[in-house]
Amino acid sequence: MVKYWAIGLGVLMLVACSGNETSQKKTTTTTTVAETATPTTNEKDKEAKTDEAEGSVLSKTLTTDSAIPFLYEYEKQHKERYVRIITDYGNIDIELFNETPYHRANFIFLTKQHYFDGTVFHRVVKDFVIQGGNSESWKISRRRAAIGSYLLPPDTKKGFKHHRGIVSMPSSDIDNPHQFASPYEFFIVVQKPGAYHLDGHYTAFGKVIAGMEVADKINQVETEGRDNWPKRDIKMKVVILNK
């Protein structure tokens with residue numbers, strides 16, 4: 001009887017051990033699933049680090065005082081003049097003027113930093129202008145913060161008029177008696193034959209050389225609010241053309 005009792009006890013112990021192993025395996029599996037879900041956060045961190053890396057070309061962020069010395073040197077090394085704005089409505093090709101070197105260099109610099117990628121045409125005034133370079137995205141805000149908070153002085157005495165197709169830079173929204181420009185934004189004149197009341201007040205630094213019909217399409221989209229923000233975001237990507 002004792003022999004049978006001992007055998008039975010051994011069987012019970014084996015079953016108990018087997019149950020514990022099964023329980024441990026289930027716990028391990030649950031942990032693995034939780035760890036598998038974690039990379040979503042890591043991916044977001046990678047995106048954030050990528051944005052920071054894009055601005056890391058600078059030793060420190062730009063200010064209004066440091067922007068012109070920086071662009072003066074940058075302009076010497078970066079002579080590109082042609083860019084393409086890519087949108088869902090089509091492409092707009094732009095020639096940047098050599099006569100406005102700081103504004104040209106600034107636009108090329110921001111393009112190479114991929115600043116404009118994912119920004120939108122945020123102001124559309126029918127039969128007048130389309131304005132782009134802004135966004136409500138935190139990602140774009142991080143890009144701006146990485147590059148710096150700065151303004152550009154006007155360069156309005158080079159003889160360029162605001163004909164239809166001219167690319168110009170809007171003034172900053174801050175108290176701005178000297179009409180310093182917001183470096184992250186630009187507008188394209190669609191008014192026929194031009195918006196000449198803007199001459200002398202805003203810096204014309206380029207012109208559309210192809211895709212003006214795309215600008216016209218964008219100019220006809222529905223907007224809302226006092227800011228004339230399009231109801232549907234019109235995102236852009238800007239690339240440099242080798243010409």
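Analyst: Happy to; we'll start with the overall picture and then look at some salt bridges and a few backbone details. Please keep in mind that this is a predicted model.

User: Good to know. How many helices and strands does the chain have?

Analyst: There are six helices and 10 strands in the chain.

User: And how much of the chain is buried?

Analyst: Of the 243 residues, 41% are buried. The chain exposes about 14,100 Å², and 54% of that comes from carbon and sulfur atoms.

User: What about contacts between residues that are apart in sequence?

Analyst: Taking contacts between residues at least 6 apart in sequence, 76% join residues at least 24 apart.

User: Okay, salt bridges next. How many are there?

Analyst: The structure holds 11 salt bridges. One of them pairs the side chains of E95 and R81, at 2.4 Å from N to O. E95 sits in strand β2 (residues 90-96), while R81 is in the loop between α3 (64-77) and β1 (82-87), so this pair ties together parts that are 14 residues apart in sequence.

User: Which residue does R232 form a salt bridge with?

Analyst: Its partner is D88, and the closest N and O atoms are 3.4 Å apart. This pair links distant parts of the chain, 144 residues apart: R232 is in the loop between β9 (229-230) and β10 (237-240), and D88 is in the loop between β1 and β2.

User: How accessible are R232 and D88?

Analyst: R232 is partly exposed, with a relative accessible area of 46%. D88 counts as exposed, at 68% relative accessibility.

User: Can you show me another pair?

Analyst: The side chains of R164 and D216 meet in a salt bridge, with 2.7 Å from N to O. R164 lies in the loop between α5 (138-147) and β5 (166-169), and D216 lies in helix α6 (residues 212-219), so the pair ties together parts that are 52 residues apart in sequence. R164 is partly exposed at 27% relative accessible area, and D216 is also partly exposed, at 25%.

User: Then what is the phi of D127?

Analyst: D127 has a positive phi of about 60°, although it is not a glycine. You'll find D127 in the loop between β3 (120-125) and β4 (129-134), and at 55% relative accessibility D127 counts as exposed.

User: And what about N228, where does that one lie?

Analyst: N228 lies in the loop between β8 (223-224) and β9. N228 has a positive phi of about 55° and is not a glycine. At 23% relative accessibility, N228 counts as partly exposed.

User: Great, thanks for the tour!

Notes: Residues are numbered from 1 along each chain as its sequence is written. This is a predicted model: local features need pLDDT of at least 70, side-chain atom pairs count only at pLDDT 80 or more; totals for chains, interfaces and linings use all residues. Side-chain values use heavy atoms; hydrogens and water are left out. A salt bridge is a side-chain nitrogen of Lys or Arg within 4 Å of a carboxyl oxygen of Asp or Glu. Helices (H or I, at least four residues) and strands (E, at least two) are DSSP runs, numbered from the N terminus. Buried means under 20% relative accessible area, exposed over 50%, partly exposed in between (1.4 Å probe, protein chains only). Contact means heavy atoms within 4.5 Å. Accessible areas come from the Shrake-Rupley method with a 1.4 Å probe; for residues, only the protein chains shown count as cover.
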